[in-house]
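Please look over the sequence and the model shown here before reading the notes below.

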Amino acid sequence: MSEVSAYHEAGHVFVAVRAGGRVVSATIDPDWDDGPARYADVQIEWPLDQFTERELNESIVMVALAGPVAEMIYTGDPFHPGLVAEWADDWRTAWEALHHLKDQRKRLAYLERQTQSLYQLLRRDEIWEAIATIADHLLAHETLEQAEIDEILEPWFS
């Protein structure tokens, strides 16, 4: 499996946990069922009683953009997440989470600011170390379950 995919998914995982979500599983080898082709997948559960609708939507935006941002940092290629075909689902998820922002220019500006903010956050040494650790485990095991993810990230969230 691709190291790039592992870092992409690790970005989603780290930001989801940081935002208060529970990552049920992460894989770089998903089942090829009758649905759309997927090369990796992260399943997240959100404790809905702990978020306002706006907070939840903002967290969904950050998690969706975290995969492309982690991939940009890993590869060194600074792309706009809305312009890379492989990131279309992530961009669509982030875009749709901002459904309350009717002005598309404001929505785009918000997503671009969040992408820049995530880029600055994820490239910090201590954060990147956590993402690299998740990616290493994904490359070694292909699929991680919640208990494994929690154990991996415990040093950063204790």
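## Basis

This is a predicted model, in which local features need pLDDT of at least 70, side-chain atom pairs count only at pLDDT 80 or more, and totals for chains, interfaces and linings use all residues. Residues are numbered from 1 along each chain as its sequence is written, and side-chain values use heavy atoms, with hydrogens and water left out.

## Helix α2

Helix α2 covers residues 53–75 (helices are DSSP runs of H or I with at least four residues, strands runs of E with at least two, numbered from the N terminus). At A66, α2 bends by about 35° (the angle between axes fitted to the seven residues ending there and the seven starting there). A proline, P68, follows within four residues. After α2 comes G76, with a positive phi near 80°.

## Salt bridges

The whole structure holds 5 salt bridges (a side-chain nitrogen of Lys or Arg within 4 Å of a carboxyl oxygen of Asp or Glu). One of them joins the side chains of R22 and E45, at 2.0 Å from N to O. This pair links distant parts of the chain, with R22 in strand β1 (residues 22–27) and E45 in strand β2 (residues 41–45), 23 residues apart.

Conventions
The expected span of a helix is 1.5 Å times one less than its number of residues.
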